[in-house]
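The following paragraphs guide a new reader through the structure displayed below. The account starts with a single pair of residues and widens from there.

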Amino acid sequence: MLTFETVNELTLKVTCSGSDVLFTKAGSFIAGDSAGGKNYRFEKVLLGPQGNLAQAALGSIIRRVTGENLPLMKVNMNGDSVTYFANNSQHVFIYQLAYGEMISVESENILAFTQDCKYEVRFIGCGVLSQKGLATSLLTGNGSNAYVAILTDGNPIVLNNVQSRNTISVDPDAVICWMGQGYCDPQVKVDISWKNFIGQASGESYAFEWSGNQPVSVVVQPSERQGGVSVRMD
């Protein structure tokens with residue numbers, strides 16, 4: 001069994017009791033501690049974490065075509081141990097998925113997940129305006145130990161409308177992930193007028209939006225990726 005914790009907000013601490021399997025971003029291991037010698041080993045994941053070879057091969061092709069390529073390594077743990085993972089001093093956000101719960105996340109922001117998370121790449125129509133294109137990485141809780149560790153540039157904020165049923169609107173280039181029951185995909189709201197074409201745009205011409213009848217939690221980082229859509233005329 002695996003347990004996820006954060007250390008100093010920048011490092012993922014994984015405690016293993018017994019034997020288990022962990023999937024992490026390739027090269028993210030920084031340290032480990034185990035009694036009686038090293039009892040964990042690393043293995044490159046060539047196709048994907050799916051158990052079915054055909055699904056893994058298809059998933060690998062989709063990831064490369066859509067830009068959702070995720071370089072993974074598999075950590076085989078054979079005994080009690082504590083291991084640590086990090087990536088370029090980015091902050092680490094941990095989330096435990098309930099059974100059947102889904103989280104859509106940018107592939108570059110995935111640090112690690114347990115084998116109780118079902119992983120796949122899924123096309124979303126709204127992705128045409130986002131930094132990563134037409135697809136998103138989807139993790140689904142498939143057991144009682146479904147943890148995922150997510151990377152953010154700075155401490156994130158979490159917006160939730162499950163109780164309030166408010167409308168949530170966010171900048172697509174700041175979104176890290178969203179989660180809820182079902183896919184919970186956002187709508188794209190575009191605000192383009194004649195001002196965009198004369199260089200007088202606000203810089204906030206499009207947004208991801210979840211209405212009040214879409215119960216969702218959205219995680220946003222305090223920085224924006226380079227990308228998106230810019231429409232103007234000088």
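Val14 has Thr83 of strand β7 as its bridge partner. The model that shows this pairing is predicted, so local features require pLDDT of at least 70 and side-chain atom pairs count only at pLDDT 80 or more, while totals for chains, interfaces and linings use all residues. Residues are numbered from 1 along each chain as its sequence is written, and side-chain values rest on heavy atoms, with hydrogens and water left out.

Strands here are DSSP runs of E with at least two residues, and helices are runs of H or I with at least four residues, numbered from the N terminus. Two strands are said to pair if DSSP finds at least two bridges between them. Strands of a sheet pair through backbone hydrogen bonds, either parallel or antiparallel.

Strands β2 and β7 are part of an open sheet of 4 strands, which has the order β1-β2-β7-β4 and antiparallel pairing. At its edges are β1 (2-7) and β4 (29-33), each of which pairs on one side only. From one strand to the next, the twist averages 20 degrees; axes are lines fitted to C-alpha atoms, for helices over the stretch in contact, and angles run from 0 to 180 degrees between N-to-C directions.

Thr83 itself, found in strand β7, is buried, with a relative accessible area of 0%. Buried means under 20% relative accessible area, exposed means over 50%, and partly exposed lies in between, with a 1.4 Å probe and protein chains only. Leaving aside neighbours within four places in sequence, Thr83 is in contact (heavy atoms within 4.5 Å) with Leu12, Lys13, Val14, Phe29, Ala31, Gly32, Tyr40 and Met77. Thr83 and Ile30 are 53 residues apart in sequence, yet their C-alpha atoms are 7.9 Å apart in space.

A second open sheet consists of 6 strands in the order β5-β6-β3-β10-β13-β8, and its pairing is antiparallel. The edge strands of this sheet are β5 (40-44) and β8 (91-96), each pairing on one side only. Its neighbouring strands are turned by 20 degrees against each other on average, direction ignored. Within the sheet, strand β3 (residues 19-25) runs antiparallel to strand β6 (residues 72-78), and 7 bridges join the two. Ser19 has Asn78 of β6 as its bridge partner.

Between β3 and β4 there is a loop, in which Ser28 lies. Ser28 is buried, with a relative accessible area of 1%. Not counting residues up to four places away in sequence, Ser28 touches Met73, Tyr84, Phe85, Ala86 and Leu111.

The aromatic residues form the next topic. A pair of aromatic rings is described by the distance of the centres and the angle of the planes. Rings of Phe, Tyr and Trp (its six-membered ring) pair if their centres lie within 6.5 Å; planes under 30 degrees apart count as stacked, over 60 as edge-to-face and the rest as tilted. The structure holds 10 aromatic pairs. In one of them, the ring centres of Phe29 and Tyr40 are 5.9 Å apart and the planes stand at 50 degrees, so the pair is tilted. Because Phe29 lies in strand β4 and Tyr40 in strand β5, this pair ties together parts that are 11 residues apart in sequence. Phe29 is partly exposed, with a relative accessible area of 26%, whereas Tyr40 counts as buried at 8% relative accessibility. In another pair, the rings of Phe208 and Trp210 have centres 6.4 Å apart and planes at 85 degrees, and the pair is therefore edge-to-face. Phe208 is buried at 3% relative accessibility, and Trp210 is buried with a relative accessible area of 0%. Phe29, Tyr40, Phe42 and Phe85 form one aromatic cluster.

Strand β9 (residues 101-105) is mostly covered, since 5 of its 5 residues are buried. Both of its faces are covered: Glu101, Ile103 and Val105 lie on one side, Met102 and Ser104 on the other. Strand β9 runs antiparallel to strand β16 (residues 175-181), to which 5 bridges join it. Met102 stands opposite Gly180 in β16.

Finally, the cysteines may be considered. Cys16 is buried, with a relative accessible area of 2%, and Cys177 counts as buried at 0% relative accessibility. With a disulfide defined as a pair of cysteine sulfur atoms within 2.5 Å, the count comes to 0 disulfides.
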